[in-house]
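Student: I would like to go through the labels in this model one by one. Can we test each against its definition?

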Amino acid sequence: MKSRLTIVTGASGALGNSFVQHFIQQENTTCVAISRSPMETDALHCQFDLLDSQAAEQAITNLELSEVSDVILIHGVGKFKYEIETETTEADCDEKGIDDEILSSNYHTFVNVAQPLVEKLNQEHKCNRQTTLALCGFGSVTDKYKIPFWRSYTYAKDTLRSYIQDLAKSEDWQGLIRGRFINVSTTDTGNENKLRPNATAEEKKYWLKPEKIVKQSLESLESLQPLWQEIDVYEPMPGFEPDDYYSNYDKIQEKWQRQMGVPSSLT
């Protein structure tokens, strides 16, 4: 019987672990959990740093795909950085002023897993096995507004979008690769709480739960069509007007610096 293989990066984090918990309960599904840190899980655990391309290639090479009909790669990894002009240094950025660490953690971590996976599937196809592949990345619902305070994060996510979309629309793959991008609003994770410790309880009422992201993205992930799709998952806030809010940079700056505990004298 053909089966499904799901690969979840950042599996020890809140979002990754929510996907792992879902997939380990599904029939005819093998779940591979990738994390940099140790973790207890019923999934097949691979422990390595996603920035280590050789370790990633070795882990993917060791996977057995001959009896797998569909592979899903879910990549919920990537650092976020709130950027103001006074914090930007040439040593941290490339020629476009993009923070190298932010780009690497959001883009290269994905490519280091996806590239050997695509190559491995190519070998399967040469053996006349028509294995399908879903490549899923995550972005922010704010990416479309190009907020200057997280320009490196948005650039990294847009670069990742292009990488996945190009593979999904490639005629070479004849529809066997589909691309998915899940854009989410502020998500209630440990990292988000550390980044914004002064967010109020009222504000956190509208932070997105990882379980909701899993539930609302599954239909898109599992469907073989369309070849490319983006969906937004968010927690609606009464009276919130995105176009008005995201065009008011002063208001964004005040809110984020208050939530992060950044003294206004430093900006």
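Student: Why is lysine 79 called partly exposed?
Tutor: Its relative accessibility is 42%. Buried means under 20% relative accessible area, exposed over 50%, and partly exposed in between (1.4 Å probe, protein chains only). So lysine 79, at 42%, counts as partly exposed. This is a predicted model: local features need pLDDT of at least 70, side-chain atom pairs count only at pLDDT 80 or more, and totals for chains, interfaces and linings use all residues. Residues are numbered from 1 along each chain as its sequence is written, and side-chain values use heavy atoms, with hydrogens and water left out.

Student: What makes lysine 79 and glutamate 101 a salt bridge?
Tutor: The N to O distance between their side chains is 2.7 Å. A salt bridge needs a side-chain nitrogen of Lys or Arg within 4 Å of a carboxyl oxygen of Asp or Glu. The pair therefore qualifies. The two residues are 22 apart and link distant parts of the chain. Lysine 79 is in the loop between strand E4 (68–75) and helix H3 (100–126), and glutamate 101 is in helix H3. Helices (H or I, at least four residues) and strands (E, at least two) are DSSP runs, numbered from the N terminus.

Student: Is glutamate 124 buried or exposed?
Tutor: Buried, because its relative accessible area is 9%. Arginine 129 forms a salt bridge with glutamate 124, with the closest N and O atoms 2.5 Å apart. Arginine 129 itself is partly exposed, at 27%.

Student: Why does lysine 205 count as exposed?
Tutor: Because its relative accessibility is 52%, and the cut-off was given above. Its salt-bridge partner is glutamate 202, with the closest N and O atoms 3.4 Å apart. Glutamate 202, at 44%, counts as partly exposed.

Student: How many salt bridges does this rule give?
Tutor: The count is 16. Asp143, Lys146, Asp158, Arg161 and Glu230 are linked in a network of them.

Student: Which residues bring H2 and H3 together?
Tutor: Ser53, Ala56, Glu57, Ile60 and Thr61 in H2 meet Asn112, Val113, Pro116, Leu117 and Lys120 in H3. Contact means heavy atoms within 4.5 Å.

Student: How many of these contact residues are nonpolar, polar and charged?
Tutor: Five are nonpolar, three polar and two charged. Ala, Val, Leu, Ile, Met, Phe, Trp, Tyr, Cys and Pro count as nonpolar, Asp, Glu, Lys and Arg as charged, and the others, Gly among them, as polar.
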